[in-house]
Amino acid sequence: MLRKIHHIGIVVRSLDAAYAFYRDTLGLHVHKEAVVEDQGVRAALLTIGNSEIELLEPINQNGGVAKFLERRGEGLHHICFETDDVHAELAATKAKGIELIDQTPRQGLAGMICFLHPKANHGVLIEYAQPFEEQ
Amino acid sequence: MAVVNRIDHIAIAVKDLDAALERFTANFDFPVSGLGDVPGLNIRRAFLTIGDAALELFQPTTGSNPATKFLAERGEGMYILSLEVDDLHAASETLAQRGIKLNIQNVPNGRSLGFISPKVTHGVLLQLVERPKA
């Protein structure tokens, strides 16, 4: 079951420059920051209510985020819904015939994640995430 | 202290609201509300509730809506990120102290919305909304 918006992904040219607005002006707490090699990004999660804003800065020219930045510039990139079972959610999505990017869940900043194809949702890139257990 | 409380909604611009609503409902099964025209904004829209937030699917009904240009140039997709504040005017003052201008616009039903320039927000059309207190 999809319970809530886990985060909204925003592509930026520079994470440090984006902190000036999202952290310092809006006052959002940086909950986590890490390099996610297989997505080619340096990413940060900033807490807003029960959800987060994810800022994504490309660290090389290869990933989807770098291509997005080059083609469209900075801006809204994806919506992530939280689930307590990403494998079951992905299987149910696949069974409905919805086009996917990831056929199996993989590790992301938010937890175990997968992406659906934007073609399946009127141009909106949608991610599912099952958060890691945190202490 | 954060200026904003939570994600209120994400507005998604679509070319055909009925088709998009059918697709999103089939894919995600989120409850639908508020389906209809908003003449003052020149849109037809519906909300899909997810947790304490919503997706707003909207279709411009006249060429004068700014999303018409967005749809023509970039196609369907996420258009506005709307965040909730306790008090729009207090938020405006706090932002002004931090050197950021909040553009407050009056919208139908006697309500106001705040917008921050995409130049400041790194390309995001960011809206601040104050909800009636329970």
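What radius of gyration would a compact globule with 135 residues have, and what does chain A have? A compact globule of that length would have a radius of gyration near 14 Å, and chain A has 14 Å, which agrees. The radius is taken over C-alpha atoms, and the globule rule is 2.2 Å times the number of residues to the power 0.38.

This is a predicted model: local features need pLDDT of at least 70, side-chain atom pairs count only at pLDDT 80 or more, and totals for chains, interfaces and linings use all residues. Residues are numbered from 1 along each chain as its sequence is written, while chains are lettered from A and ligands numbered from 1 in the order in which they are written.

**Chain A overall**

- Chain A has three helices and eight strands. Both are DSSP runs numbered from the N terminus: helices are H or I with at least four residues, strands are E with at least two.
- Along the sequence, the pattern of chain A reads β-α-β-β-β-α-β-α-β-β-β.
- Its C-alpha atoms fill a box of roughly 45 × 35 × 25 Å along the principal axes.
- Of its 135 residues, 46% count as buried. Buried means 20 or more other C-beta atoms within 10 Å of the residue's own, exposed means 12 or fewer, and partly exposed lies in between; C-beta atoms are placed from the backbone.

**Helix H1 of chain B**

- H1(B) holds twelve residues, 17-28, and should span 16 Å at 1.5 Å a residue; its end C-alpha atoms are 16 Å apart, which agrees. The expected span is 1.5 Å times one less than the number of residues.
- B:Leu17, B:Ala20 and B:Phe24 are buried in H1(B). They cover an arc of only 65° around the axis, so they sit on the same side of H1(B). The arc is that of the directions from the helix axis to the C-beta atoms.
- B:Glu22 and B:Ala26 are exposed on the other side.
- Just after H1(B), B:Asp29 takes a positive phi of about 60°.

**Where the chains meet**

- In chain B, 34 residues are in contact with 31 residues of chain A. Contact means that two C-beta atoms, placed from the backbone, lie within 7 Å.
- H1(B) gives five residues, the largest share of the side of chain B that touches chain A.

**B:Val38**

- B:Val38 lies in strand S2 (residues 32-38) of chain B.
- B:Val38 counts as partly exposed because it has 15 C-beta neighbours inside 10 Å.
- Not counting residues up to four places away in sequence, B:Val38 touches B:Ile43, B:Arg45 and B:Pro108.
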